[in-house]
Amino acid sequence: MAKLSSCDTFKQPLALHPGNEETNTRAVYTHHVAISKESKRGHGRRPLHHGSLSPIDRVLFKMAVSLSAIAITCLVFAYTVLGRHQLPQRQATGYPQGTSFLDHEKPISGFLGRTFLRDNIPYIDIPDQLIQNVYYYRWTSLQRNIRYVTAGTGYMCTEFVHPVGYAKAFGTIDAAAGHQIDESRWLRNTAFGNDYIELYTRGPADPLQYTQWILDAMSRRATVTGDSQFLASQLNDMIRVWHLWDPYFDTNAGLYYYQPVWDAQELSLPGFIVDPNNTNFELRKDGPDTYRPSHNAYMVANARAIATAADIAHNGGIASQFSNIADKLEAAMYERLWAPEQEFFMDVIRPNNPNLTRLTGREQVGLFPYRFGIGLNETYAQPALDSMFDPEGFLAPYGPTTLEIRDPHFAAVKPDPSYCCWWNGMSWPYSTGHTLKSLAAIYRAGVTNATSEQYHQYLQTYARTQMKNGMPYVAESHSPFDNVWSADSTNHSEHYDHSTNNDDVITGLLGIMSQADDTLKISPIVPSNWTYFAIENLPYHGHLVTVLYDKDGSRYHAGSGLRVYVDGKGVHQGDSQSAIVPIPPPVIQGDAMINIAANPDGPGEYPTADATFTYPADFSYKAIDGVVYYDQVPDNRWTDYTSPNPNDTLTVHFARPHTISSVTLALYSDIARGGSIDVPARIEIYGSGGLITSVDSKSTNLLPNDKNTISFKAVETTFVAVNMYRSSNKTWVGVCELEVWTPPPKGPTYLAVDAHLTGAKTAVLFDTTSKTTGNGAVVGGVQTDSTVAFSGIKSDGKSASLVLSYNNAGNATVDVKVQVNQAQVADLQLKPSNGKYTTVKAAVTLAVGKNYISLVGGSDTANVRYESLTIS
């Protein structure tokens, strides 16, 4: 986000808030980022009606107070009698009405943030209550890990609920991105997946940090959304991502290699082989460069995804090229990695191994290729199936294990409990997700003796593993034989988003097999004694699909056999559990609204947040960090707990004036959990012009632990101040997230202060000579380490003129590179402008859809500032 200037002589924006809040610094949990945090217990700002104001603010505030009694009375009357406030207000996803055979409230009644669940998830009804309970829980674990990054960039998925130091841009970690895309594709709001994908294909996320199958996942996701053109529009970006892996391709072996630690599996078998005596922990932990079945299967799948996108884009040359690449790589896997004597896909260590001798230990990664369509004949698939159900192989009460139990390096207990991640025996949901998909693929291939009961057994074992204290739960790794999570750190590992579960229930157990054409294939893998199952209001091609199987018609009262509904209308009935049904043409969601209050970068950057009082264990920044969940631990909230004030104010400041018409508050409450935080008795919202609106909990149903959208007539403001009154002298108020949703800018001009800024001194300044933003907000400190990144710039894919408005107060020309979707396309020469704003142009070609345009570099000596970027 836009950084605040530490010192500047230019005019500061007008703000209606009290004086400066004192700050101190505290170290957060070891795996978290160190953050600056405001002082609490009365040493911070006083509440809005008690504080000391600047002269200008005092005038505005007195005007607001003078009018507030009349205004509030009128507003409350209007909202109560006329119903102008409708809380909660849900973001429309454009879906028509579905069906209501199942209970949509009871399955989610124990969870927080239920509006998200109601608006997004498909409901299921199956005889296995354990699998069903875990299914509903896993939507909430995904919900906790969906983060809004910046306006224009949109959403991403995190792996940990709190950022970790080794994460890349915005906290992204690509290791499980394929799993996250697979899981989130079944949510109604397609922005969650579209935005996240483009962070890797066009944005700053790193698709080379770990091995990944992102391109494959986005290709399969297109068959769920029905938006094949979105996939085709990413073709050039997919190819760019593919070639990032060129340095790790061995032309002699015909395979890719990487250290196991960057295959998301440290302390795995290759590390133990090269360090048998444990004399070099780093080598043992990271492992040597290794040709792995997992990594190479990912690359086969990614190549075929590029070929699919090229076919849609009518680029036969690229389609043929990448189909051939995939075929050759798959052939090399059979030649180099398949061990006939072991009947398994094996690791091959690269260093000091000229003959490419395979390891003899069988690892779970050898089961991964089948899910990608590799090895689906009897020769390869039957031994894999046998190993899954071998008690000396991978089968365990809380398995499958990551290394065969019979292997001498297998460890049922972590050898060193102080280190998190052991992949030589622990049960990892990450790997179980892969294995379940391989088991489903093997079953459907029909070349083995696999049964539906075996698939259910594995899925039930997975559900049994995902429990803690009798409740559904997921962390990092689990003991294979004991009912305990082996990697589960407080305020860190909870609800770990590193695997699939619901995608396996939907595509495996319930047999929802998405298709590229206007059909849906239903082919469940359910036990033979099941007499019913259902999935309701599944988003598919922009429609809502319900599938009911009721053997005798007594459960759903819709008739016996299989019934399929699309948008509430019956389209199929038959006795068989399987079917192929027609689906209307896809309906694609339009441009999503943007949240201008989100700040993924921390304090000191715009937007900023402060409060009149903050409890020491909480933090006002967490109200705008883009993360929404309502747990006591892990924590993510601002509260005024222990405040002596009857009301406190949470304020968000923007870099420039914005026109807004609503504020969304994710209100925190722990009253029902034995705490003292409750929804406010009254909320007042202020802006630059004073009081905007107010709501009263007596006349408006404010939802605890959920989102509440307060709408009002559009106003222009540089800040939003939310003044909240406590409901009693024994309770306080809290906010997990404050969001301000507005339409995305349509261009052609995009303001520099809305861009994402990186660089030691790159920050928002206020320049009285600039008139572009209304308050003089510009970007300054443009130095050699600077990147000013504009995101969400829509294009039809044609050539365009890029015009940068800048000010170069130095004496020398400054060179700046222009990147479009991470590829350099032009150079700009910013000539000295004598302290005035001028323009420089370049010709660029943008991609179809949303683009990332980055201005990279600057000058460490010249005073360079940016006003805006125009694309025409």
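## Before we start

Because this is a predicted model, local features need pLDDT of at least 70 and side-chain atom pairs count only at pLDDT 80 or more, while totals for chains, interfaces and linings use all residues. Residues are numbered from 1 along each chain as its sequence is written, and side-chain values use heavy atoms, with hydrogens and water left out.

## A covered helix

Let's begin with helix α4, which spans residues 177-184. How many of its residues are buried? The count is 8 of 8, so the helix is mostly covered. Here, buried means under 20% relative accessible area, exposed means over 50%, and partly exposed lies in between (1.4 Å probe, protein chains only). You can pick out the buried residues of α4 one by one: A177, G178, H179, Q180, I181, D182, E183 and S184.

What do these buried residues pack against? Their partners are the helices α3 (129-145), α5 (191-201), α6 (214-225), α14 (429-445) and α16 (502-509), together with strand β6 (155-157). Contact means heavy atoms within 4.5 Å.

## Two open sheets

Two strands pair if DSSP finds at least two bridges between them. Zooming in, strand β40 (residues 814-820) pairs with β41 in the antiparallel sense over 7 bridges. One place to look is K817, whose bridge partner in β41 is D827.

Another open sheet is built from 3 strands in the order β17-β18-β23, and its pairing is antiparallel. The edge strands are β17 (512-514) and β23 (579-582), each pairing on one side only. Strand β18 (residues 519-522) and β23 pair in the antiparallel sense over 4 bridges. T519 has P582 of β23 as its bridge partner.

Most residues other than glycine have a negative phi, and most peptide bonds are trans. With that in mind, look at the bond joining V633 and P634: it is cis, with omega about 0°. P634 lies in the loop between β26 (608-611) and β27 (638-639). A cis peptide bond also runs from G747 to P748, with omega near 5°. P748 is in the loop between β33 (741-742) and β34 (749-751).

Q822 has a positive phi of about 75° and is placed in the loop between β40 and β41. Is Q822 buried, partly exposed or exposed? Its relative accessibility is 26%, so Q822 counts as partly exposed. N834 has a positive phi of about 55° and lies in the loop between β41 and β42 (838-845). At 73% relative accessibility, N834 counts as exposed.

## Hidden spaces

Rolling a probe the size of a water molecule over the atoms shows where empty space is left. On a 1 Å grid over the protein atoms alone, a cavity is a set of points where a 1.4 Å probe fits but cannot get out, and lining residues have an atom within 4 Å of a point. Grid points are joined across faces, edges and corners, and a volume is the space filled by probe spheres set on the points. By this rule there are 2 cavities of 30 Å³ or more.

The largest cavity holds about 110 Å³ of space. Its lining has 16 residues, of which Y95, T190, T225, G542 and Q589 lie nearest its centre. The elements giving two or more residues to this lining are α6 and β19 (532-540). The second largest cavity has a volume of about 50 Å³, and its lining consists of N194, I197, M218, R221, A222, T225, D227, F230 and L231. Helix α6 supplies the largest share of that lining, 4 residues.

Technical notes. On a 1 Å grid over the protein atoms alone, a cavity is a set of points where a 1.4 Å probe fits but cannot get out, and a pocket is an open set with protein on both sides within 12 Å along at least five of seven lines; lining residues have an atom within 4 Å of a point.
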